[in-house]
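Subject: Handing over a structure

Dear colleague,

I am passing on to you the structure shown below, together with some notes on what was found in it. Please keep it open beside this message as you read.

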Amino acid sequence: MTPGGQRAGRIVGLIHTAPDNAVRFDALVRERLPDAEQLHVVDAWLLDEAVRHRVDGRHDERIAAHVEHLTERGAAAILVTCSSIGEVGDRVALDARVPVLRVDRPMARRAAALAKAGGGRITALATLASTLEPTTRLLTDEAGSGIEVAGRIVEGAIQARHVGDTATFDRLIGEAVDAALADGAVIVLAQATMANALGGDDRGGCVLSSPASAADALAEAADA
């Protein structure tokens, strides 16, 4: 054990579909597991194909191969950081030798708890339909009966991101958040890349993003 009570020499694995997520999660995991080695796999094909042709068995095969590779390298737990392929992570986890976590499940559980304690409504915001569909299914599953789950695409945001206009991307998401809050719902940002739009402002705890809670879950699984 290290002086801070954490075990040294741990290895964690992360599977991304975008290079900027590797940077984002590297920093978050380092805060929680400063002595751990991080192994990052970036596979843009996974998201590209999900957007163009939907998720299919090829995604399962590819994620399973990445999980096996990371496991062989010594990863004690693995996080899939793309919500569009979160359901693939769930399926692969069933046969994996180490915990395989999906990035949005801790966020979804928190959203369900808030909705049950409050107005009974959750609105998921996304910039891609490929993300919105699995996220709303996850939220519905976590929330159970009696909670209304809705989903909205933030129009124009993904186009701004594709041309590198992060200011417009963040502004459009912020405007969508404000509009959804006016309806009294708990707001979920379906994609990790949307978290920066809040600028650290969670709008009173009713707006949730996935990166920090997912990093917490990965650290917990690695310590188990």
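The helices α2 and α3 run roughly antiparallel to each other, because the angle between them is about 170 degrees and angles over 145 degrees count as roughly antiparallel. Please bear in mind throughout that this is a predicted model. Helix α2 covers residues 44-53, and its axis lies 11 Å from that of α3, while the crossing of the two helices is left-handed. On the α2 side the contact involves Trp 45, Leu 46, Glu 49, Ala 50 and His 53, which meet Arg 58, His 59, Arg 62, Ile 63 and His 66 of α3.

Helix α3 also packs against helix α4, which spans residues 86-93, and here the angle is about 60 degrees with the axes 9 Å apart. That angle makes α3 oblique to α4, and the crossing of α3 with α4 is right-handed. In this contact α3 contributes His 59, Asp 60, Ile 63, Ala 64 and Val 67, whereas α4 contributes Val 88, Arg 91 and Val 92.

Strand β1, which comprises residues 11-16, pairs with β3 (residues 77-80) in the parallel sense over four bridges, and Val 80 in β3 is the bridge partner of Ile 15. With β2, strand β1 pairs in the parallel sense over six bridges, and there Glu 37 is the bridge partner of Ile 11.

How many of the residues of β1 are buried? The strand is mostly covered, with six of its six residues buried. In a regular strand the side chains alternate between the two faces of the sheet. In β1, Ile 11, Gly 13 and Ile 15 point one way, Val 12, Leu 14 and His 16 point the other way, and all of them are buried.

Ala 76 sits in the loop between α3 and β3, and it counts as partly exposed because its relative accessibility is 29%, which falls between the 20% and 50% limits. Although Ala 76 and Val 12 are 64 residues apart in sequence, their C-alpha atoms are 5.6 Å apart in space. Leaving aside residues up to four places away in sequence, Ala 76 touches Ile 11, Val 98, Pro 99 and Ala 222.

Finally, helix α6 runs from residue 129 to 143, and its 15 residues reach 21 Å from the first C-alpha to the last, close to the 21 Å expected at 1.5 Å a residue. The buried residues of α6 include Leu 132, Pro 134, Leu 138 and Leu 139, and just after the helix Gly 144 takes a positive phi of about 75 degrees.

With kind regards

Note on methods
Residues numbered from 1 in each chain as written. Predicted model: local features only at pLDDT ≥ 70, side-chain atom pairs only at ≥ 80, totals over all residues. Heavy atoms only, no water. Expected span 1.5 Å × (residues − 1). Buried < 20%, exposed > 50% of the residue type's maximum accessible area, 1.4 Å probe, protein only. Pairing = 2+ DSSP bridges. Axes fitted to C-alpha atoms, helices over the stretch in contact; angles between N-to-C directions. Parallel < 35°, antiparallel > 145°, perpendicular 65-115°, else oblique. Left-handed = near helix turned anticlockwise from the far one by under 90°. Contact = heavy atoms within 4.5 Å.
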